[in-house]
Amino acid sequence: MKAANIVECRGLTKNFSGVKALDHVDLTIGRGKVIGLLGPNGSGKTTFIKLLNGLIEPTFGEIVIDGQRPGVYTKSIVSYLPDKTYFASWMKVMDVLDIFEEFYEDFDRQKAENMCRSMGIQSRDKIKTMSKGTKEKMQLILVMSRKAQLYLLDEPIAGVDPAARDYILTTIINNYNESGTVLISTHLISDIERILDEVIFIKDGKIVRHEAVDDIKEKEGKSIDDVFRDTFRMIPFYGGEQR
Amino acid sequence: MGWELDDSRPIWPQLKEQLMRSIVAGKYPMGGNFPTVRELAEEAGVNRNTMQRALSELENEGLVITNRTVGRTVTTDERLIAQMKEHIAKEIVDRFMEEMAVIGYPAEDVMKMIQEKGVEHK
């Protein structure tokens, strides 16, 4: 039986040589939602996503996905888009599709091939010769062609032009498994706030806010982008004198 | 349909308003098929949960009817659509009068202006 919530964390802490990257995070994430994991650079977004994936282990605390600790089972229900591409340089598109088909039972090869075709990507194309933008789209196609319960997308729109951003966001919202949850980490809020149900604000390794987007807008009459700027405002340095 | 969304307000009521206008304007004709949540969400660039909420509200108000076999259709209740049209028209007039008052036009002058415009349009 499925656990009620897709993700639950209690006291989740991760230290890197004494520095706290995540600090006692208690968090519950429901199913069937599109959620933004929002925070400035270095706030702990990638650390949190890597913990969810089991790529790193918590220093303290606990994390469960569909009731289980990260491991073989959770990898079969989590579709992960890392912040870097990981294809080997010898691979062609068909090699990557073969690997995904072999690894993941929930991978829909037909869907992936159709998406590649609509992007003008041929199965004989070499990954090595693709542009940065095409590589990122290719990776997204793979990730979104799985019928996963949790999609973890780490900075899917960083470093691409606005037209590619639109393509990526549209691909995400049109293709995720509707009973699944999508967690998107980014600091580019204005580009994605319309597709979000909830936001999680993370600052210095702590969750400072986790709320429904509509509730925030209702209460504060501001866009999420503005609320984010207010939450994370830094005081610029004005030279020697104290002001 | 050009969706105009203001990010400082919740999105679903704005979607609902704009869909209502499209129905009243006859873009989706009475008794005709209504697009799916998926199609509308894609068009507006929002997620399906948000669009679903807007559609549920339209269903609650009876403007859109969900039928298990034929999907969603626009109501055939002419009176309901006429009521909705009047409601929207009143809102537009209220907003207009407020703006005119802000720039210092008394109601009589506004009326005169409208009459002149009406003659021009004939």
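Predicted model: local features only at pLDDT ≥ 70, side-chain atom pairs only at ≥ 80, totals over all residues.
Select domain 1 and domain 2 of chain B: their centres, taken over C-alpha atoms, are separated by 27 Å. The domain assignment places domain 1 at residues 11–74 and domain 2 at 78–121. Now look at where these two domains touch. Domain 1 of chain B gives seven residues to the contact, and domain 2 gives five. Colour the domain 1 side by class: five residues are nonpolar, one is polar and one is charged.

Next, bring chain A into view. Chain B has 14 residues in contact with 15 residues of chain A. On the chain B side, select α1 (11–24), α2 (37–44) and α3 (48–60); these elements each give two or more residues. Six of its residues are nonpolar, four are polar and four are charged.

Move on to the largest nonpolar core, which has 78 residues. Pick out Ile35(A), Leu150(A), Tyr151(A), Leu152(A), Val182(A) and Leu183(A), the residues with the most contacts inside this core. Then show helix α5 of chain A, residues 132–144. This helix gives the most to the core, with six residues.

Centre on Val182(A). Which residues is Val182(A) in contact with, leaving aside its neighbours within four places in sequence? Select Val34(A), Ile35(A), Tyr151(A), Leu153(A), Ile172(A) and Tyr176(A) to see them.

Show the side chains at their contact. From α5(A), select Gly133(A), Lys137(A), Leu140(A) and Met144(A). From α6(A), select Ala164(A), Tyr167(A), Ile168(A), Thr171(A), Ile172(A) and Asn175(A). By class, the residues of this contact are six nonpolar, three polar and one charged. Ile172(A) is also one of the residues in contact with Val182(A).

The last stop is Ile224(A), in helix α9 of chain A, residues 224–231. Is Ile224(A) buried or exposed? Ile224(A) counts as buried because 24 C-beta neighbours lie inside 10 Å, and the cut-off for buried is 20 or more. Select what Ile224(A) touches, not counting residues up to four places away in sequence: Ile189(A), Glu193(A), Val199(A), Val213(A) and Ile216(A). Finally, draw a distance from Ile224(A) to Arg194(A). They sit 30 residues apart along the chain, and their C-alpha atoms are separated by 9.2 Å.

Conventions
Residues numbered from 1 in each chain as written. Chains lettered and ligands numbered in written order. Helix = DSSP H or I, 4+ residues; strand = E, 2+ residues; numbered from the N terminus. Nonpolar A, V, L, I, M, F, W, Y, C, P; charged D, E, K, R; others polar. Core = buried A, V, L, I, M, F, W, Y, C linked by C-beta atoms within 7 Å. Buried ≥ 20, exposed ≤ 12 C-beta atoms within 10 Å, placed from the backbone. Domains from an automatic or database assignment.
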